[in-house]
Amino acid sequence: MFVQEEKIFAGKVLKIHICTMDGTEWLEEVTEDTTVEKLKERCLKHHVHGTLEDPKTLTHHKLIHAATERVLTDTKTIADENLKDKDVLLLIKKRPPPTPPKMADVSSDEKKKQDTKAPDKDAILKATASLRFQTELRKILVSLIEVAQKLLALNPDAVELFKKANAMLDEDEEDHVDETALQQLTEMGFPESRAIKALRLCHMSVTQAMEWLIEHIDDPTVDAPLPGQDSSGASGAAAATITGPSASASASSSRQDELTEIFKRIRRKREFRPDSRAVIALMEMGFDEKEVIDALRVNNNQQDAACEWLLGDRKPSPEDLDKGIDTNSPLFQAILENPVVQLGLTNPKTLLAFEDMLENPLNSTQWMNDPETGPVMLQISRIFQTLNRT
């Protein structure tokens with residue numbers, strides 16, 4: 001019995017599973033010394049059911065090892081590529097190289113690049129108008145608050161009106177306490193009144209309130225009321241003496257003093273309260289406590305922005321926050337001459353809105369949507385945009 005020489009010296013026979021993109025599958029038997037190119041040729045002949053008429057067909061296809069997603073090299077053998085029995089290979093047509101662009105297309109692209117110019121001054125002003133308005137709004141509010149206070153002080157019912165406005169603030173501070181948060185603190189053993197104070201100081205954050213309570217457990221003033229909560233009795237007693245526009249000169253003087261006190265109380269209730277966690281985090285970076293509080297005030301308690309402010313040129317400064325707009329400027333004069341604004345300035349709710357937006361810019365949307373204060377804010381915005389364009 002004679003055995004062919006090629007089978008004596010042939011390598012190990014492997015059964016390779018071949019798959020194509022159209023779903024065709026079959027097995028190819030190859031020896032370990034078979035080249036990938038030879039296997040690919042056999043696969044293509046099987047796939048097209050005949051001889052390869054176009055010699056480029058072979059170079060336009062590739063074999064990919066499915067498990068490792070690597071492309072097999074034509075010149076290497078099955079053994080070189082470390083293929084195993086029953087491995088799966090994918091027969092895929094190569095992607096054609098991208099067509100080089102025509103000269104006309106190149107010229108068109110170059111022309112587009114040349115036509116794309118940097119934005120001019122008008123475009124820049126239009127794009128940044130909203131940002132500049134937000135920057136100037138605080139100054140406008142500071143000056144409008146002063147005007148509103150003077151106008152409202154002339155109203156014979158001003159005290160009663162502002163008592164109602166003050167009551168709205170009291171309701172915000174005293175009635176709106178998170179009951180769930182309060183229960184968590186009282187269950188820990190903290191007195192209810194002390195827990196309420198901590199929650200108000202820490203914007204209803206249980207974690208921060210707990211930290212504050214622990215830090216101030218030995219503080220003799222821990223149970224002292226918050227600013228603005230200890231003068232309501234005196235204010236109420238004084239209000240009882242006011243009788244209206246026919247009151248005597250002394251009553252008028254008393255009314256002015258009471259209004260001044262109410263204005264102060266409203267401002268105290270809007271006093272900035274820094275986020276205790278942000279204060280601790282920034283102080284741990286080496287900044288002084290006063291610097292940290294200033295940074296948080298300027299940046300509305302945003303820790304990251306406050307850190308950038310501390311590391312940068314520190315503009316605007318805390319003092320800039322209390323500066324109003326130039327009352328002789330065309331912008332401010334145009335705002336005061338607007339009938340909607342004039343009418344709004346005689347409404348205590350408008351003053352309350354201005355005070356709130358001054359210390360809580362995030363509440364601006366709430367007042368913009370309010371039927372009483374929204375039209376005033378809309379007119380201020382329109383006047384600013386109009387003068388900004390001209």
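A cavity is a set of points, on a 1 Å grid over the protein atoms alone, where a 1.4 Å probe fits but cannot get out. Grid points are joined across faces, edges and corners, and a volume is the space filled by probe spheres set on the points. The structure above is a predicted model, where local features need pLDDT of at least 70 and side-chain atom pairs count only at pLDDT 80 or more, while totals for chains, interfaces and linings use all residues. Residues are numbered from 1 along each chain as its sequence is written, and side-chain values use heavy atoms, with hydrogens and water left out.

The model has 1 cavity of 30 Å³ or more. The largest cavity holds about 30 Å³ of space. Which residues line the largest cavity? They are Gln 208, Glu 211, Trp 212, Glu 215, Ser 276 and Ile 280. A lining residue has an atom within 4 Å of a point. By class, this lining has 2 nonpolar, 2 polar and 2 charged residues. Here Ala, Val, Leu, Ile, Met, Phe, Trp, Tyr, Cys and Pro count as nonpolar, Asp, Glu, Lys and Arg as charged, and the others, Gly among them, as polar.

Two helices each give at least two residues to that lining: H9 (206–215) and H12 (276–283). The largest share, 4 residues, comes from H9. Helices are DSSP runs (H or I, at least four residues), numbered from the N terminus.

Now follow H12 onward. H12 packs with helix H13 (residues 289–298) at an angle of about 130°, with their axes 9 Å apart. H12 is therefore oblique to H13. Axes are lines fitted to C-alpha atoms, for helices over the stretch in contact, and angles run from 0 to 180 degrees between N-to-C directions. Angles under 35 degrees count as roughly parallel, over 145 as roughly antiparallel, 65 to 115 as roughly perpendicular and the rest as oblique.

Which residues meet in this pair? Ala 278, Val 279, Leu 282 and Met 283 in H12 meet Glu 289, Val 292 and Leu 296 in H13. By class, the contact of H12 with H13 has 6 nonpolar, no polar and 1 charged. Contact means heavy atoms within 4.5 Å.

Another pair is H7 (residues 179–187) and H8 (residues 192–201). Their axes come within 9 Å and cross at roughly 130°. H7 and H8 are therefore oblique to each other. From H7, Ala 181, Leu 182, Leu 185 and Thr 186 meet Glu 192, Ala 195, Ile 196 and Leu 199 of H8. The residues of this contact are 6 nonpolar, 1 polar and 1 charged.

Key:
On a 1 Å grid over the protein atoms alone, a cavity is a set of points where a 1.4 Å probe fits but cannot get out, and a pocket is an open set with protein on both sides within 12 Å along at least five of seven lines; lining residues have an atom within 4 Å of a point.
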